[in-house]
Amino acid sequence: MKEEELVEAEARLRAEFNRWAEAGRGEEMGEEHAAIAAGMLAAMRFAPTDKILDLGCGAGWLAGILADKAPQGQVVGVDVADEMIRRARQRHVDRENLMFVVGEAEDIPWDDSFFNHVISIESAYYWPDPVKAFREIFRVLQPGGEVRVLINLYQENVYSHQWRDKLAVATHLLSGDDWCGLMAQAGFGDTRHSRIVDPRPVPVGYQSKWFKSAAELGEFRRLGALLASGRRPQP
Ligand SMILES: C[S@@+](CC[C@H](N)C(=O)[O-])C[C@H]1O[C@@H](n2cnc3c(N)ncnc32)[C@H](O)[C@@H]1O
C-alpha cells in the first residue's frame with residue numbers, strides 16, 4: 001500500500017472511531033466482546049511482570065483486565081482514535097502499570113523487543129495494511145513473544161459478512177489460514193487459528209441492524225470468533 005493511501009485510510013479510521021467513542025460505543029464494545037475475550041484469556045498464562053500491548057484498545061476495558069494480570073509489569077493500549085484513548089485514560093486514571101497512547105498498528109509508537117504479549121480484539125480487519133502491522137507487532141515483541149488477534153468478522157463466519165456493507169470504513173474479509181499467512185509473511189512462526197465460541201444465550205426479543213434475526217445471532221455466536229496467533233521466533 002502506498003504511503004499516501006495509508007495516511008488517508010488511517011485518517012478515515014480515526015474520524016469514524018472518534019465518532020464511535022463519542023457515541024459511547026467504546027464502553028458498549030467492552031460488554032459485547034467480554035465473553036469472547038474471557039474465552040481467549042482463560043487459555044493464556046500470565047506472569048505478574050508481563051509486558052502486554054492491547055492494539056486497537058478502544059476505550060480500554062481489556063487493557064484494565066490485563067493490568068490486573070500483570071501488576072508488576074506494564075500494559076499499553078494503542079488506538080488510532082484519540083477520543084478512544086482520551087476515554088481510556090479517563091477510565092484508568094489511577095493505574096500505575098497501564099498507559100494509553102494514540103498510534104497506528106502500522107507504526108506502533110513503542111520500542112523494539114519490549115512486549116511479551118500483543119493482543120488485539122475486533123480491530124485487525126480494519127487495519128489498512130495488515131502485513132505492515134504484523135511487521136510492527138513483530139518488532140515490538142520480544143523473541144519468543146506471542147501475538148493473538150481475535151476477530152468476529154472473517155470468512156468462515158458467514159453471518160458477519162453483512163457487516164461490511166453497514167460499516168462506514170473498509171474492512172478485510174479473510175479466512176483463518178489467510179490471517180496466519182499474513183503473520184507468517186511478517187516473520188511469525190508457530191501460526192495457528194481456532195474458534196472462541198460466545199456462550200451467551202440470545203436475548204429475548206433481539207433486534208438490531210447487525211443481524212437479520214435472533215436465530216442468525218445465535219448461529220453467529222455458535223460459530224464463534226476467530227483467534228489467530230503466532231510467535232516471534234527465538235534467534
Ligand atoms: C471495533 S473497535 C474494538 C475496540 C476494542 N478492542 C474492543 O474490543 O472494545 C476497533 C478499534 O480498533 C481501532 N483501530 C482500527 N484500525 C486501527 C489501526 N490501524 N491502528 C490502531 N487502531 C486501529 C479503532 O480505532 C477502534 O477503537
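Leaving aside neighbours within four places in sequence, which residues is Ile137 in contact with? Select Ile137 and you can pick out its partners: Leu55, Ile108, Val118, Trp127, Val147 and Phe188. Contact here means heavy atoms within 4.5 Å.

Some ground rules before moving on. You're looking at a predicted model, where local features need pLDDT of at least 70 and side-chain atom pairs count only at pLDDT 80 or more, while totals for chains, interfaces and linings use all residues. Residues are numbered from 1 along each chain as its sequence is written, and side-chain values use heavy atoms, with hydrogens and water left out.

**Zoom out: the whole chain**

The C-alpha atoms fill a box of roughly 50 × 40 × 40 Å along the principal axes. The radius of gyration is 17 Å, which agrees with the value near 18 Å that a compact globule of 235 residues would have. That radius is taken over C-alpha atoms, and the globule rule is 2.2 Å times the number of residues to the power 0.38.

Now colour by accessibility. Of the 235 residues, 54% are buried; buried means under 20% relative accessible area, exposed over 50%, and partly exposed in between, using a 1.4 Å probe and protein chains only. The accessible surface comes to about 10800 Å², and 50% of it belongs to carbon and sulfur atoms. As for contacts with a separation of 6 or more, 74% of them join residues 24 or more positions apart.

In soluble globular proteins, nonpolar side chains tend to be buried together.

**Select 82-91**

This is helix H4, where Glu83, Met84, Ile85, Arg87 and Ala88 are buried. What sits over them? The cover for the buried residues of H4 includes helices H1 (3-22) and H2 (25-42), plus strands E2 (74-79) and E3 (98-102).

**Select Glu122**

Is Glu122 buried or exposed? It's buried, at a relative accessible area of 10%, and you'll find it in the loop between E4 and H5. Draw a distance from its C-alpha to that of Asn152: they are 30 residues apart along the chain but separated by 6.5 Å. Besides Asn152, Glu122 touches His33, Leu150, Ile151, Leu153 and Trp163, not counting residues up to four places away in sequence.

Thr171 is in the loop between helix H6 (163-166) and helix H7 (176-185). With 11% relative accessibility, Thr171 counts as buried. Skip residues up to four places away in sequence, and Thr171 touches Tyr125, Tyr126, Leu153 and Arg164.

Glu216 lies in helix H8 and is buried too, with a relative accessible area of 14%. Which residues does Glu216 touch, not counting those up to four places away in sequence? Look for Tyr159, Gln162 and Phe211.

**Check two backbone torsions**

Ser113 has a positive phi of about 50° although it is not a glycine. It belongs to the loop between E3 and strand E4 (115-121), and at 35% relative accessibility it counts as partly exposed.

Asp190, in strand E6, is another residue other than glycine with a positive phi, near 55°. Its relative accessibility of 39% makes Asp190 partly exposed.

**Last stop: Val204**

Val204 lies in the loop between strand E6 (189-196) and helix H8 (214-223). Buried or exposed, at 87% relative accessibility? Val204 counts as exposed. Select Ala214 as well: ten residues along the chain from Val204, with 8.2 Å between the two C-alpha atoms.

Definitions and conventions
Areas by Shrake-Rupley, 256 points an atom, 1.4 Å probe, with all protein chains shown as cover. Helix = DSSP H or I, 4+ residues; strand = E, 2+ residues; numbered from the N terminus.
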